[in-house]
Amino acid sequence: MRDRSLGVTALAFFTVMVALYSQMAAIALILGGSIFTAAGSVQGAAALLTGALFLGVAIAGYVVGYGFWTRRHWAWAGGMVVFATLIGANLILSLISANLLSSVLPVVGSVIAVWQLQRPATKAELLGTEIADSASPTTEPLEHAKVLR
């Protein structure tokens, strides 16, 4: 069995960190929306719904982190969903809290993770497909010349 690449290992680690961040955000938002706001207020309902969204991202993040670690084929699609949802959830959180700077780092990290997932080597490792070797076109004419001899 091949070893995991550094990119997939970093994705597994980052996804678990995202899950921990989302878990803490979910706890804070759910408690803040249920205990520290007036019953039936719009802010409380928005905090509860955003907390539920972060709780879903946390659970999915742990599952996808395991998928990256074990190089499961479904981890690629799961990673795309987790990181896209995290971007949306952080944008909603920045609108609720009116603090744009608190969402910058998670959004930038998610964009970098989506970029890493789109790299051909990462796709090939996780999806089990072969990537075209762009470094070997120089040997192709030599092979063709050998056949002509």
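Tutor: Leaving out residues up to four places away in sequence, Phe-83 touches Leu-11, Phe-14, Thr-15, Val-18, Phe-68, Ser-110, Ala-113, Val-114 and Leu-117, where a contact means heavy atoms within 4.5 Å. Keep in mind that this is a predicted model: local features need pLDDT of at least 70, side-chain atom pairs count only at pLDDT 80 or more, and totals for chains, interfaces and linings use all residues. Residues are numbered from 1 along each chain as its sequence is written, and side-chain values use heavy atoms, with hydrogens and water left out.

Now for the bigger group. The largest nonpolar core has 22 residues, and Phe-83 is among those that touch the most other members, along with Leu-11, Val-18, Phe-54, Phe-68, Leu-117 and Leu-126. Such a core is a set of buried Ala, Val, Leu, Ile, Met, Phe, Trp, Tyr and Cys residues joined through side-chain atoms within 4.5 Å. Helix 1 (6-34), helix 2 (42-69), helix 3 and helix 4 (104-118) each give two or more residues to this core; helices here are DSSP runs (H or I, at least four residues), numbered from the N terminus.

Met-80 also lies in helix 3 (residues 75-97). Beyond residues up to four places away in sequence, Met-80 touches Val-114, Leu-117 and Gln-118. Met-80 counts as partly exposed because its relative accessibility is 22%: buried means under 20% relative accessible area, exposed over 50%, and partly exposed in between (1.4 Å probe, protein chains only).
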